[in-house]
Amino acid sequence: MGTAAVHLLLLLGLLHAGPGGEGRKGWRRRGPALRERGEAAAAAAAESFPLDFTAVEGNMDSFMAQVKSLAQSLYPCSAQALPHDLRLHLLHNASVTCNDGSPAGYYLKESKGSRRWLLFLEGGWYCFNRENCDTRYDTMRRLMSSREWPATRVGTGILSSQPEENPHWWNANMVFIPYCSSDVWSGASSKSEKNEYAFMGALIIQEVIKELLGKGLSTAKVLLLAGSSAGGTGVLLNVDRVAEQLEEMGYQGIQVRGLADSGWFLDNKQYRRTDCIDTITCAPTEAIRRGIRYWNGIVPERCKLQFKEGEEWNCFFGYKIYPTLRCPVFVVQWLFDEAQLTVDNVHLTGQPVQEGQWLYIQNLGRELRNTLKDVTASFAPACLSHEIITRNHWTDIQVKGTSLPRALHCWDRSLHESNKNGKAPLKGCPIHLIDSCPWPHCNPSCPTIRDQFTGQEMNVIQFLMHMGFDVQKMAQQQGLEPSKLLGMLSSGN
């Protein structure tokens, strides 16, 4: 163990080699990454960051292979001994349930050395009346019942315990809270003779917090409440309530923050209006208006006071609730979100879109961009997609040269600095990142698009042509030569 330990310390010491040291030569050209390494070291002391690997991004694969090999040779202190799976815990309080009355629960992977906790709210649409909840129960039972949940889950993206997949949060205590309440995490009504289903999303979060306090959350420094899609909206609805719950229980020292991914929906007019028959075709405003009554949904008091009685549904829309929030929230939102387009009845089925649809899609991007302009911490790529933070490719997407993990790290640092001495955000560490290019997938780092019929990958130009994009006409409107416009599209400008 002695020799291997020395080798491991020497290897890790490369991260901390002084100016001009031999250990820095391999990545000397990465100036910003070296600065980030210093920032991360300061954050480590404050928030239990064990290591920051951003300084070796270029050599990450070989570096991590060496670290793992050495660490595993040091068993029982090795990474091999760490539990990489999140394990299921059903709630002790059996009165807090999923839709069908089965106990709600959570998956946990503890990290004893860390005082950072990441609680993730799963997404998965909703149902808003007996008929479409019955259909949901028949077709998507795991989103309404815990009876068939597996005993373990593997964390991916920001829930991964692998540093190469999750550079800044890999060593946090990870909690995945399955979505089985179908109420955008807002409900507070139990199953009864009158109610066929329970809707207890808001209560499930509160109960999970109570149980985690006995498992180490009580000593936490930071609690990040994250979520995707309906879970992202659930973050906006619950982040202040979680902070208030902890304060009331005497844990004022825990800094509560939110990370809302793909949950910033617009209450805009649909491209083609349809009757509110099911979840997919019903306009978001009407679905939530019906749902909040059916679920006995609750919204934060500060937001509720902004609207007349009966208009609480407004608080489900990010740009309306965000200004009322006390906790800092980072918003991640695709400018051309597939779920938004679906509820707006713009269906990209592989056929070229009509001109009216194309203009609607472009306008959607503009509208969404406008609602984010006053959001302090945001990451909004001009891509056609939905959800990102638990995808294993989440490190690949960039806005203006900054990746999402990097932006979240900068946000962590800015919050730490402002808590410490009120300093402005760090230079060269941006947290307000919104694409300015106007078309879906004009950002070259967007996820790969495939033709729905052939399965072939498409580049940006092929995708836009596929959607009916008229290069000649658009170039004329922009006052450009068609070849210049194609060049701009290829480079993401």
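How many helices and strands does the protein chain have? The chain has 15 helices and 16 strands, taken as DSSP runs numbered from the N terminus (H or I, at least four residues, for helices; E, at least two, for strands). Keep in mind that this is a predicted model, where local features need pLDDT of at least 70, side-chain atom pairs count only at pLDDT 80 or more, and totals for chains, interfaces and linings use all residues. Residues are numbered from 1 along each chain as its sequence is written, and side-chain values use heavy atoms, with hydrogens and water left out.

Let's look at burial next. Of the 493 residues in the protein chain, 56% are buried, meaning under 20% relative accessible area with a 1.4 Å probe, protein chains only.

Now turn to the disulfides, pairs of cysteine sulfur atoms within 2.5 Å. The whole structure contains 7 of them. One joins cysteine 276 to cysteine 282, with an S to S distance of 1.9 Å; this link is left-handed, at -85 degrees about the S-S bond, and both of its cysteines are buried.

Another disulfide pairs cysteine 303 with cysteine 315, their sulfur atoms 2.1 Å apart, and is left-handed at -105 degrees. Here cysteine 303 sits in helix α8 (residues 301-304) and cysteine 315 in the loop between α8 and α9 (318-321), 12 residues apart.

By contrast in handedness, the link of cysteine 437 and cysteine 442 is right-handed, with 80 degrees about the S-S bond. Cysteine 437 counts as buried because its relative accessible area is 6%, and cysteine 442 does so at 1%.

Notes: Buried means under 20% relative accessible area, exposed over 50%, partly exposed in between (1.4 Å probe, protein chains only).
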